[in-house]
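Visitor: I have a protein model to look at. Could you walk me through it?

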Amino acid sequence: MTKMTLSESLIAVDLTYQCPACQFPLVKRGSWFRVVSKYRCEGCGRMIRIGYPEKLKLFEKHTHLLGAFTGLACPNEHKPAS
Ligand SMILES: [Zn+2]
């Protein structure tokens with residue numbers, strides 16, 4: 001059993017994963033990364049394995065995006081349009 005989970009909050013967010021071989025950026029939804037275990041890199045054509053530790057790191061790297069989303073609902077910025 002493990003306590004680690006991939007955040008549900010990021011499944012609808014675009015995440016960027018850099019190919020460990022050529023640094024080519026792969027941009028996919030969090031939901032895609034949750035289920036995938038490997039993909040073919042468009043930069044170097046290799047099959048890249050994404051294990052659970054890599055996914056965790058990737059999700060952690062993008063958690064700040066959620067803060068940006070909640071910032072949109074900041075009450076101080078809310079002014080009634082009259
Ligand atoms: Zn690559």
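**A walk through the model**

Guide: Start with β1: its covered face holds Leu15 and Tyr17, and its uncovered face holds Asp14, Thr16 and Gln18. In a regular strand the side chains alternate between the two faces of the sheet. This is a predicted model, where local features need pLDDT of at least 70, side-chain atom pairs count only at pLDDT 80 or more, and totals for chains, interfaces and linings use all residues. Residues are numbered from 1 along each chain as its sequence is written.

Visitor: Which pattern does the protein chain follow along the sequence?

Guide: Helices (H or I, at least four residues) and strands (E, at least two) are DSSP runs, numbered from the N terminus. The protein chain has 2 helices and 4 strands. Read in sequence order, the pattern is β-β-α-β-β-α.

Visitor: In which sense do β1 and β2 pair?

Guide: Two strands pair if DSSP finds at least two bridges between them. Over 5 bridges, the sense of β1 and β2 is antiparallel.

Visitor: What phi does Gln23 take in the hairpin of β1 and β2?

Guide: Gln23 sits in the loop between β1 (14-18) and β2 (25-29). The hairpin has 6 residues between the strands. Most residues other than glycine have a negative phi. Gln23 is not a glycine, yet its phi is positive, about 70°.

Visitor: Is Gln23 buried or exposed?

Guide: Count other C-beta atoms within 10 Å, placed from the backbone: 20 or more means buried, 12 or fewer exposed, and in between partly exposed. Gln23 has 10 C-beta neighbours inside 10 Å, so Gln23 is exposed.

Visitor: Which residues form the largest nonpolar core?

Guide: A nonpolar core is a set of buried Ala, Val, Leu, Ile, Met, Phe, Trp, Tyr and Cys residues joined through C-beta atoms within 7 Å. Buried residues make up 7% of the 82 residues in the protein chain. The largest core has 5 residues: Leu10, Leu15, Tyr17, Phe33 and Phe59.

Visitor: Which residues is Phe33 in contact with, leaving aside neighbours within four places in sequence?

Guide: Contact means that two C-beta atoms, placed from the backbone, lie within 7 Å. With those neighbours left aside, the contacts of Phe33 are Leu15, Tyr17, Lys28, Ile50, Lys55 and Leu58.

Visitor: How many Å apart in space are Ala12 and Ser31, C-alpha to C-alpha?

Guide: Ala12 lies in the segment before β1. Leaving aside neighbours within four places in sequence, Ala12 is in contact with Arg29, Gly30 and Ser31. Ala12 and Ser31 are 19 residues apart in sequence, and their C-alpha distance is 6.5 Å.
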